[in-house]
Amino acid sequence: MGRVLRETLKPSTSSVSATTSSTSVTETVNGSHQFKITGYSLSKGSGIGKYIASDTFMVGGYLWTIYFYPDGKSPEDNAAYISLFIALASEGTDVRALFELTLLDQSGKERHKVHSHFGRTLESGPYTLKYRGSMWGYKRFFKRTLLEQSDYLKDDCLSVHCSVGVVMSHTEGPKIFSIAVPPSNISHHFGQLLESGKQTDVSFEVDGEFFPAHKLVLAARSPVFRAQLFGSMKDHNTKQIEVEDMEAPVFKALLHFIYWDSLPDMEELTGLTSKWAFTLMSQHLLAAADRYGLDRLRLMCEANLCEVVAINTVATTLALAEQHHCFRLKAVCLKFVAMPENLRAVMQTDGFEYLKQSCPSVLTELLEYVARVNEHPVIVCRHGNEAILDGSDANGRRVKQRL
């Protein structure tokens with residue numbers, strides 16, 4: 001017989017060991033529900049163990065319900081307490097969660113009655129609900145006699161706030177691959193549509209210039225354009241519309257925002273490079289944004305004007321803020337004007353005369369700010385007249401110039 005040859009396999013000395021890793025993450029998925037109970041006095045006497053239930057609400061993929069027992073849940077308490085519970089209202093097994101039940105103080109003093117798992121160490125961990133209908137709460141949540149004399153009860157109503165944090169775990173491993181998703185470019189496509197001039201179906205005449213546009217785009221972006229072009233009170237001629245009380249560069253900037261969802265280059269649009277020209281365009285554009293219901297554009301202009309408050313333009317900006325309900329911009333302007341080193345110079349500008357005529361009520365508010373500043377003087381660092389008086393004459397008066 002021949003010999004059987006045996007070969008012994010040896011581990012390769014050139015093999016490379018690979019190390020992998022993963023992480024288990026346990027966290028809570030949080031949600032809350034507000035439950036208002038009206039007619040509390042009518043609910044009394046319904047019987048021990050009888051409850052009023054909230055609507056179901058979803059947290060962490062499970063449905064939950066709040067149960068309020070006006071005569072209490074337990075017979076041994078003889079209806080001396082109200083009971084309050086949160087219950088699992090959907091199918092589930094061993095659902096672990098944190099809870100918080102709060103009876104809200106309706107006096108405004110915020111002395112709420114709170115029972116909570118959140119923000120404290122739990123000896124046995126989160127509460128576990130075994131099955132649908134399982135509850136967590138308090139049989140003796142509040143004594144009825146005390147409740148009915150407290151600020152928790154107002155106009156025969158109680159208000160309960162419930163927070164639920166469902167405990168969820170998952171394991172994170174290394175990503176095998178990733179795909180880079182480019183940012184949205186929808187505004188670029190709409191902007192190119194405007195610039196191409198193709199398929200336009202409406203034209204606006206503004207200060208002798210014509211601007212073609214697309215009705216559907218305008219209607220989608222502006223409620224005012226939507227009513228003007230498609231509403232029951234639409235203009236008789238929707239092919240060509242004349243826009244009054246607006247200058248052509250301002251309307252051009254308005255269209256740019258509608259299509260591109262961004263502000264245009266102000267210097268390129270106006271042909272001017274001064275800070276005053278930027279301020280003037282922002283003022284006009286804010287008024288136009290308010291006129292056509294473009295809230296985001298209005299806020300952008302408001303933010304820009306807050307950054308360029310200056311002696312020669314602040315009074316006009318203040319009047320604009322008052323007329324178009326820009327409360328944050330108004331506050332910035334009032335504080336600037338009320339400073340002793342600014343007040344006299346501002347009062348000498350043409351814009352202050354306009355402010356007195358168009359918004360006399362603002363002067364009362366200005367006086368209050370001045371009095372407040374005099375009571376609590378502040379030290380202000382001066383940065384030089386160039387930045388403050390850009391676009392004004394030697395006396396600080398605004399130089400009139402069309403865009």
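The tour below begins with the whole chain and then visits a sheet, a helix, some aromatic rings and a few single residues.

**Before you start**

This is a predicted model, in which local features need pLDDT of at least 70 and side-chain atom pairs count only at pLDDT 80 or more, while totals for chains, interfaces and linings use all residues. Residues are numbered from 1 along each chain as its sequence is written, and side-chain values use heavy atoms, with hydrogens and water left out.

**The whole chain**

Of the 403 residues, 39% count as buried, where buried means under 20% relative accessible area, exposed means over 50%, and partly exposed lies in between, using a 1.4 Å probe and protein chains only. Among the contacts in the chain with a separation of 6 or more, 70% come from residues 24 or more positions apart, a contact being heavy atoms within 4.5 Å.

**The sheet of E11, E12 and E13**

Next, select the three strands of an open sheet, which run in the order E12-E11-E13 with mixed pairing; two strands pair if DSSP finds at least two bridges between them. Strand E12 (209-213) and strand E13 (240-243) are the edge strands, each pairing on one side only. From one strand to the next the twist averages 25°, with axes taken as lines fitted to C-alpha atoms, for helices over the stretch in contact, and angles running from 0 to 180 degrees between N-to-C directions.

Now zoom in on strand E11 (residues 202-206), which pairs with E12 in the antiparallel sense over 5 bridges. Val-202 stands opposite Ala-213 in E12, and Val-206 stands opposite Glu-209 in that strand. The hairpin of E11 and E12 has 2 residues between the strands, and in this hairpin Asp-207 takes a positive phi near 55°.

**Helix H6**

Why can H6 be called largely enclosed by the rest of the structure? The reason is that 11 of its 13 residues are buried, and including Phe-251, Leu-254, Phe-257 and Trp-260 in your selection will show some of them. The end C-alpha atoms of H6 are 18 Å apart, which agrees with the 18 Å that its 13 residues should span at 1.5 Å a residue, the expected span being 1.5 Å times one less than the number of residues. Just after H6, select Asp-261, which takes a positive phi of about 60°.

**Aromatic rings**

Show the side chains of Phe, Tyr and Trp, whose rings (for Trp, the six-membered one) pair if their centres lie within 6.5 Å, with planes under 30 degrees apart counted as stacked, over 60 as edge-to-face and the rest as tilted. By this rule the count comes to 13 aromatic pairs. One of them joins Trp-136 and Tyr-138 in an edge-to-face arrangement, 5.5 Å centre to centre and with 80° between the planes. Trp-136 is buried at a relative accessible area of 8%, whereas Tyr-138 is partly exposed at 27%.

Move on to Phe-142 and Tyr-152, whose ring centres are 5.4 Å apart and whose planes lie at 70°, so this pair is edge-to-face. Phe-142 belongs to strand E9 (residues 135-143), and Tyr-152 to the loop between helix H2 (144-147) and strand E10 (157-172). Phe-142 is buried at 13% relative accessibility, and Tyr-152 is buried with a relative accessible area of 13%.

Then select Trp-64, Phe-99, Tyr-127, Trp-136, Tyr-138 and Phe-141, which ring pairs link into a cluster. The charged end of Lys-113 sits over the ring of Phe-141, 5.9 Å from its centre; this requires NZ of Lys or CZ of Arg within 6 Å of the ring centre and within 35 degrees of the ring normal. Elsewhere, the charged end of Lys-73 sits over the ring of Phe-85, 5.5 Å from its centre.

**Two single residues**

Finish at Asn-342 in helix H12 (residues 340-347), which counts as buried at 6% relative accessibility. Not counting residues up to four places away in sequence, Asn-342 touches Ile-311, Phe-336 and Val-337.

Technical notes: Helices (H or I, at least four residues) and strands (E, at least two) are DSSP runs, numbered from the N terminus.
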